[in-house]
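User: I have just opened this one and have never looked at it before. Please walk me through it slowly.

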Amino acid sequence: HRKKDDAWALAVIRKTLNVPSGTQLQQYERQQRDEALSLLKKKGLTVRQLERLTGINRGIIQKA
């Protein structure tokens, strides 16, 4: 089974949230952002991937 790399993760972010890049999440309202992060974690993205691809702090991602 192929490891879920950043290219895969970015595709999931784009498809799930309909955004051009993960960094868009920084402009979301807090509740919206947390829901989006939670959804992406359910889809199999790791905290580290989300941190890299969204530029959002690890602690925020873990709480979401």
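Predicted model: local features only at pLDDT ≥ 70, side-chain atom pairs only at ≥ 80, totals over all residues.

User: OK, how do helix 1 and helix 2 cross, and at what angle?

Analyst: Helix 1 covers residues 6-17 and helix 2 covers residues 30-42, and their axes come within 11 Å and cross at roughly 130°. That angle makes helix 1 oblique to helix 2, where under 35 degrees counts as roughly parallel, over 145 as roughly antiparallel, 65 to 115 as roughly perpendicular and the rest as oblique. The axes are lines fitted to C-alpha atoms, for helices over the stretch in contact, with angles running from 0 to 180 degrees between N-to-C directions. The helices themselves are DSSP runs (H or I, at least four residues), numbered from the N terminus.

User: Is that crossing left-handed or right-handed?

Analyst: The crossing of helix 1 and helix 2 is right-handed, a label used if the near helix is turned clockwise from the far one by less than a right angle, and left-handed if anticlockwise.

User: Which residues meet there?

Analyst: On the side of helix 1 they are V12, I13, T16 and L17, and these meet A36, L39 and L40 in helix 2; contact means heavy atoms within 4.5 Å. By class, this contact of helix 1 with helix 2 has six nonpolar, one polar and no charged residues. In that scheme Ala, Val, Leu, Ile, Met, Phe, Trp, Tyr, Cys and Pro count as nonpolar, Asp, Glu, Lys and Arg as charged, and the others, Gly among them, as polar.

User: And what about helix 1 and helix 3, how do their axes cross?

Analyst: The axes of helix 1 and helix 3 come within 10 Å and cross at roughly 70°, and these two helices are therefore roughly perpendicular to each other. The contact is made by D6, W8, A9, L10 and I13 of helix 1 together with Q49, R52 and L53 of helix 3. The residues of this contact of helix 1 with helix 3 divide into five nonpolar, one polar and two charged.

User: I13 turned up in both lists; is it buried or exposed?

Analyst: I13 counts as buried, at 0% relative accessibility, where buried means under 20% relative accessible area, exposed over 50% and partly exposed in between (1.4 Å probe, protein chains only). Not counting residues up to four places away in sequence, I13 touches N18, V19, G22, L40, L45 and L53.

User: What does L53 touch, then?

Analyst: L53, which is found in helix 3, touches D6, A9, L10, I13, G22 and T23 when residues up to four places away in sequence are not counted. L53 counts as buried at 15% relative accessibility. L53 and A9 are 44 residues apart in sequence, and their C-alpha atoms are 8.2 Å apart in space.

User: Changing topic, where does N18 lie?

Analyst: N18 lies in the loop between helix 1 and helix 2, and at 70% relative accessibility N18 counts as exposed. Its backbone deserves a look too: N18 has a positive phi of about 55° although it is not a glycine. Most residues other than glycine have a negative phi.

User: Last one, which side chain does R33 make a polar contact with?

Analyst: The side chain of R33 makes a polar contact with the side chain of D34, at 3.0 Å. A polar contact is a pair of N or O atoms within 3.5 Å; within protein, one must be able to donate a hydrogen and the other to accept it, and residues adjacent in sequence count only if both atoms are side-chain atoms. R33 is found in helix 2 and is buried, with a relative accessible area of 16%. Leaving aside its neighbours within four places in sequence, R33 is in contact with L25, Y28, I56 and I60.

How values were computed: Residues numbered from 1 in each chain as written. Heavy atoms only, no water.
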